[in-house]
Amino acid sequence: MKRMDTKRQFTKNEELILRIDDLGTDGEGIGHIDGYTLFIKGALPEETVRVKIMKTKKSMGFARLLEIIEPSSKRCEPECPVANQCGGCTLQHLSYEGQLAMKEKKVKDCLTRIGGVDLEQIEWLPILGMPEGYLHYRNKAQFPVRADKNGFPVTGFFAGRSHRLVSTKECQIQHPAINEAVNVVMDFLKDFHIKPYDEEAHRGLVRHIYVRRGYYTKQIMVCLVVNGKSLLHAEELVKRLQSMEGFAGLLLNVNQERTNVILGGEMKLLWGTAYIEDYIGKLRYRISAQSFYQVNPVQTVRLYETAFSFAELEGSETVWDLYCGIGTISLFLATQSSKVIGVEIVPEAIENARQNARLNGIENVEFYCGAAEDVVTDMVSQGDCSADVVVLDPPRKGCDGKLLDTVVKMQPKKIVYVSCDPATLARDVKVLTEKGYEVRKVRACDMFPGGGHVETVCLLSKLHSDQHIGVELKMDELDLTAAESKAT
């Protein structure tokens, strides 16, 4: 006999009143009613809200916030006028204290629920929040360019989970100089009637405006991503951008594919240099358009300071830095170790890493280009893989399973895992703990105020390995005041 499903069925456009009891990965409120889960953008825990169901699945759905009946004590007015429409900052309506609590809870929940970590058995350090305010912190922006209803170019950001452009001339979390550069480009496009990209028709020229800025050097790189091979009147755009302090280079990135990927494979230098430089502490870094570089310079030094201190280097260790990017963490580690080996899949980033080592006079580093799981596995098979400490700093998808197996074979005494996604961190931690490692310390760091993401540093030690005496991080190595004066 077929079992009858007596569970209540919810339908699209149905209005409900419910209590919010948690926040989702992207900062959306989560409520439950009759065993059914609803995700509501803009709702906060401890709030009673009236919502309208927009999409239903078997056991969960998505709803639109219609009314806040009982507001949370942590609710605040967003600084940005388009925060509710834009898909960038999903938590500006939550007080900064509330944001930090939510992010720390997210890391703890993932480590216990997915990773099986007993928080009572580890050292948990409080989350690192922004020391002074949290607006205008970003050093990189990628603004899509589209046409308004009259055909004129406009820019802004896409609404969440869509390609509907929310137009704005200023982003509150970007540095003001980045907003200024974008507006200079937009005025240029309008004055010379240069067509914005039409995604559906795959016509028009300018797809994105990509800007990077050095926090201490104040150098600015502007890159136009185009559906073409050239830019008319580029010399006029260069002239206009030269009025800005620190303008270092104009690049053209060719992307003629029907794709959501922002950058294409061909980069052309139209004027100046194809990179900018900046400092993290006393170390100077060269950064190309394609290379990964943390977007929050104030918090970056605190994140790396944490990773450095977790590694507890004494000076004689061999360290592997996997997913090393342009060598930001590698060079920090090299100042207090015997040898550092960095691995990264992006060729431009590896070239930057080698340049950065030369730039800082650091010789005890080696960099290899390729997928970390392939490079390290090959070197292990050749017997050239001694490691006292391994640093993992993977993208949001976490580490490749093959790489984790290889790292375990290397038998490092310590693994320092720098993560930008608590769920994949917890997944990988579970694998490592099942293979003979234990979590010792964890600290979250808020690199993305106003948004839902959080960075985490996690120290794992090999079970039954000798205990090491930690050394205090030498703050003069990371002295921002010294870096600032040197940059000027």
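Colleague: In the hairpin of strand 10 and strand 11, which residue takes a positive phi?

Modeller: Strands are DSSP runs of E with at least two residues, and helices are runs of H or I with at least four, both numbered from the N terminus. Here 6 residues lie between strand 10 and strand 11, and Lys-218 takes a positive phi near 65°. This is a predicted model, in which local features need pLDDT of at least 70, side-chain atom pairs count only at pLDDT 80 or more, and totals for chains, interfaces and linings use all residues. Residues are numbered from 1 along each chain as its sequence is written, and side-chain values use heavy atoms, with hydrogens and water left out.

Colleague: How many bridges join strand 10 to strand 11?

Modeller: Two strands pair if DSSP finds at least two bridges between them. Strand 10 and strand 11 (residues 220–226) run antiparallel and are joined by 7 bridges, with Ile-209 opposite Leu-224. Strand 7 (residues 140–147) is also antiparallel to strand 10, through 5 bridges, and Ala-141 stands opposite Val-211 there.

Colleague: Why is strand 10 described as largely enclosed?

Modeller: Buried means under 20% relative accessible area, with a 1.4 Å probe and protein chains only. In strand 10 (residues 206–213), 8 of the 8 residues are buried, so the strand is largely enclosed by the rest of the structure.

Colleague: At what angle do helix 2 and helix 3 pack?

Modeller: Axes are lines fitted to C-alpha atoms over the stretch in contact, and angles run from 0 to 180 degrees between N-to-C directions; contact means heavy atoms within 4.5 Å. Helix 2 (residues 176–191) and helix 3 (residues 234–241) pack at about 145°, with axes 10 Å apart. Residues in the contact include Phe-188 of helix 2 and Leu-237 of helix 3.

Notes: Buried < 20%, exposed > 50% of the residue type's maximum accessible area, 1.4 Å probe, protein only.
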